[in-house]
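Please find below a short note for a colleague who has not looked at this structure before. The points can be read in order, with the model open alongside.

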Amino acid sequence: MRIDILTLFPEMFQGPFSESIIKRAQEKGAVEIHCHNIRDYSTNKHKKVDDYAFSGGAGMVMSIEPIAILIEKLKAEREYDEIIYTTPDGQTLNQSISNQLSLKGNLMILCGHYKGVDQRVRDQYITMEISIGDYVLTGGELAAAVISDSVIRLIPGVISDETSALTDSFQDNLLAPPVYTRPADYKGWKVPDILLSGDTKKVEAWKEQQAYQRTKERRPDLLK
């Protein structure tokens, strides 16, 4: 997979993409991540990338020209399965969307900033708009990192135990059951006996029941 991220602040991705599983995924060649600075494509001598909105109003708007130049350059080099825009009014990211995107080959993510991008960018280039929640961030960079992480971890071979991703919360519309590790008794706080029984069928039934109960209590909307 290849992910191209269009941003005003490429340095923001150095931390998230240079540690842990995402770092190893790149080292394995499972994914390529390329961050492009939109300012590099500004035709303004001051590298300006925003302007006032027509009709007035508070805040600045990201200009169409540098974004269009960059998108068209990348599209001339390869085909993209999705061109994603991070925006509070997009569809809310969920596990199903991440699963679908993990099957793609080339993704492009445009990070919004200020009051957003010129609507013509969204009309002419964007194929998918994603929000990571009902709140507003200072920019789309953190959202792009979240989207990338949720997708990359699902690529075969990225997580050493591939069944781990398949048992995550939301994969089957249930939250994950509680998990425990050694020691079995810590300060009198004990691991449930069923998990120490060695009876695989009973353990799986317990996990399923716990997952259902946790979902019913915390996210009943998932059971509808």
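Predicted model: local features only at pLDDT ≥ 70, side-chain atom pairs only at ≥ 80, totals over all residues.

1. The largest nonpolar core. This core has 26 residues, and the members that touch the most others are Ile-3, Ile-5, Val-31, Leu-101, Ile-130 and Ile-152. At least two residues each come from strand 1 (2-7), helix 1 (20-28), helix 3 (95-101), strand 6 (106-111), strand 7 (128-131) and helix 5 (141-152). Helix 5 gives the largest share, 5 residues. In soluble globular proteins, nonpolar side chains tend to be buried together.

2. Leu-101 and its contacts. Which residues does Leu-101 contact, once neighbours within four places in sequence are left aside? They are Met-1, Glu-82, Ile-84, Leu-107, Met-128, Ile-130, Ile-147 and Val-151. Apart from the core to which Leu-101 belongs, there is a second, separate core of 19 residues, with Ile-67, Ile-71, Ile-83 and Val-121 among them.

3. Ile-109. This residue is part of strand 6. Ile-109 counts as buried because its relative accessible area is 0%, and buried means under 20%. Not counting residues up to four places away in sequence, Ile-109 touches Ile-3, Asp-4, Ile-5, Leu-6, Ile-84, Thr-86, Ala-144, Ile-147 and Ser-148. Ile-126 is 17 residues from Ile-109 along the chain, and their C-alpha atoms are 9.2 Å apart.

4. Thr-127. The loop between helix 4 and strand 7 holds Thr-127. Its contacts, leaving aside neighbours within four places in sequence, are Glu-82 and Ile-83. Between Thr-127 and Ile-83 there are 5.2 Å from C-alpha to C-alpha, although the two are 44 residues apart in sequence.

5. Asp-118. This residue sits in the loop between strand 6 and helix 4 (119-124). Is Asp-118 buried or exposed? Asp-118 is buried, with a relative accessible area of 16%. With residues up to four places away in sequence not counted, Asp-118 touches Val-61, Met-62 and Ile-64.

6. Salt bridges across the chain. The structure has 8 salt bridges. One of them pairs Glu-32 with Arg-2, with 3.8 Å between the closest N and O atoms. This pair links distant parts of the chain, as Glu-32 is in strand 2 (residues 32-37) and Arg-2 in strand 1, 30 residues apart. Glu-32 is partly exposed, at 42% relative accessibility, whereas Arg-2 is buried, at 14%. Side chains of opposite charge can pair when their charged atoms come close.

7. A salt bridge within a helix. Glu-77 and Lys-73 form a salt bridge with an N to O distance of 2.9 Å. Both residues belong to helix 2 (residues 64-77) and are 4 residues apart, about one turn of the helix. Glu-77 is partly exposed, with a relative accessibility of 43%. Lys-73 is also partly exposed, with 35%.

8. The side chains of Glu-129 and Arg-122 form a salt bridge, 2.8 Å from N to O. How do the two partners stand in terms of accessibility, that is, which is buried and which is partly exposed? Glu-129 is partly exposed, at 22% relative accessibility, while Arg-122 is buried, with a relative accessible area of 15%.

9. Strand 5 (82-92) and strand 7 are the elements that give two or more residues to the lining. The largest share, 5 residues, is from strand 5. Sorted by class, the lining consists of 10 nonpolar, 10 polar and 3 charged residues.

Key:
Residues numbered from 1 in each chain as written. Heavy atoms only, no water. Core = buried A, V, L, I, M, F, W, Y, C linked by side-chain atoms within 4.5 Å. Buried < 20%, exposed > 50% of the residue type's maximum accessible area, 1.4 Å probe, protein only. Contact = heavy atoms within 4.5 Å. Salt bridge = Lys/Arg side-chain N within 4 Å of Asp/Glu carboxyl O. Nonpolar A, V, L, I, M, F, W, Y, C, P; charged D, E, K, R; others polar.
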